[in-house]
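Subject: Structure handover

Hello,

Here is the structure I promised to pass on. Please open it beside this message.

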Amino acid sequence: METNNNVKNDEIEIDLRQIFSILLSKAIVIAIAAVLGAVVAFVYTKFMIEPTYTSRTQVYVRNTASKDANSSQLNVSDLQSSTYLTKDYIMLCKSSQVLKQVIEELNLNLSEGALSSKISVTTPEDTRILTISVIDTEPFMAKSIADSVREAAKVQIVKVTGVESVENIDGEDGANLPTSPTGPNMKLNLVIGFLLGFLIAVIIIIVRFLLDDSIKTQDDVENYLGLSVLGVIPKTEEPAKKKSSKK
């Protein structure tokens, strides 16, 4: 039993070495495939994917309970409790009521789910500042949606949570008008294309090796057929020369 296990282990080790050696012998092919993958990713990203723009706007949530009766200083416990509500504020910014209002106000040909996928709401830790970001293929539309979401969310947050007010941080101009695209990420796509080309080439080479059951060496004869090799006939070019001379 031990000898059989050793033989199997040796066979697996030899196979792995063969695979590794084949991959090394095909290193140029693998490198070309990886470069081609990166080129395809570049062409697809540059000419097939429409650039997107991101517009951002910020609001500050002011809580009624955060003011003391005799002082305008913030109470620490109230501040902590109000920061716990920021997750609620984030959910309210993308609530169905807000999305419906934005779609009706801007006359968007989008479903609530499609509009929600364009919107992201974040907040720094231990703050009550909400940052509303909107991604769209048109910079003016991204700004319009961000402004509309902000105004609708302000009303919804005050109505549901009962906070004192939600104030704009951006001022009268509202959300920024993006001047340069923020997507797609060319560098990331190039890396992904390079890795995909590399992996596809490696997989094809390994699969072809595993499916190739032809006998090439005397070791293959002994391993697969269980026969001992009595002799090896060297390969010569004499027959080819004879044929050419006859012609």
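Below are the ground rules, then the findings by region.

This is a predicted model, so local features need pLDDT of at least 70, side-chain atom pairs count only at pLDDT 80 or more, and totals for chains, interfaces and linings use all residues. Residues are numbered from 1 along each chain as its sequence is written, and side-chain values use heavy atoms, with hydrogens and water left out.

**Overall**

The protein has 10 helices and 4 strands. Helices (H or I, at least four residues) and strands (E, at least two) are DSSP runs, numbered from the N terminus. Their order from the N terminus is α-α-β-α-α-α-α-β-β-α-β-α-α-α. Of the 247 residues, 27% are buried. Buried means under 20% relative accessible area, exposed means over 50%, and partly exposed lies in between (1.4 Å probe, protein chains only). The protein exposes about 17,300 Å², with carbon and sulfur atoms supplying 59% of that area. Accessible areas come from the Shrake-Rupley method with a 1.4 Å probe; for residues, only the protein chains shown count as cover. Take the contacts between residues at least 6 apart in sequence: 74% of them join residues at least 24 apart. A contact means heavy atoms within 4.5 Å.

**Helix 2 and the nonpolar patch**

Helix 2 covers residues 27–48. Its 22 residues should span 32 Å at 1.5 Å a residue, and the end C-alpha atoms are 31 Å apart, which agrees. The expected span is 1.5 Å times one less than the number of residues.

Which residues of helix 2 are buried? They are I30, A34, G37, A38, A41 and T45. Seen down the axis, these buried residues fall within an arc of 90°, so they line one face of helix 2. The arc is that of the directions from the helix axis to the C-beta atoms. On the other side of helix 2, I28, L36, V40, K46, F47 and M48 are exposed.

There is also a nonpolar patch on the surface: V35, V39, F42, V43, Y44, F47, M48, V191, F194 and L195. Together they have about 980 Å² of accessible area. Patches are made of residues with over 30% relative accessible area and no salt bridge; like charges are joined within 9 Å, nonpolar side chains (Val, Leu, Ile, Met, Phe, Trp, Tyr) within 5 Å. Helix 2 and helix 8 (186–211) each supply at least two patch residues. The largest share, 7 residues, comes from helix 2.

V43 lies in helix 2. V43 counts as partly exposed because its relative accessibility is 40%. F194 sits in helix 8. F194 is partly exposed too, with a relative accessible area of 38%. Leaving out residues up to four places away in sequence, F194 touches A34, V35, G37 and A38. F194 and L36 are 158 residues apart in sequence, but their C-alpha atoms are 7.5 Å apart in space.

**Salt bridges**

The structure holds 6 salt bridges. A salt bridge is a side-chain nitrogen of Lys or Arg within 4 Å of a carboxyl oxygen of Asp or Glu.

One of them pairs D136 with K118, at 2.9 Å from N to O. D136 lies in strand 3 (residues 129–136) and K118 in helix 6 (residues 112–118), so the pair ties together parts that are 18 residues apart in sequence. D136 counts as buried because its relative accessibility is 8%.

D147 has two partners to look at. With K143, the N to O distance is 3.3 Å. D147 and K143 are 4 residues apart in helix 7 (residues 139–161), about one helical turn. With R150, the closest N and O atoms are 2.9 Å apart. D147 and R150 are 3 residues apart in helix 7, again about one turn. Shared partners join K143, D147, R150, E151 and K154 into one salt-bridge network. D147 is buried at 17% relative accessible area. R150 is buried at 7% relative accessibility.

**Helix 5**

In helix 5 (residues 96–106), V98, L99, V102 and I103 are buried. Down the axis of helix 5, the buried residues fall within an arc of 130°, so they line one face of the helix. They pack against helix 4 (86–93), helix 6, strand 2 (119–122) and helix 7. N107 follows helix 5 and has a positive phi, near 55°.

Best regards
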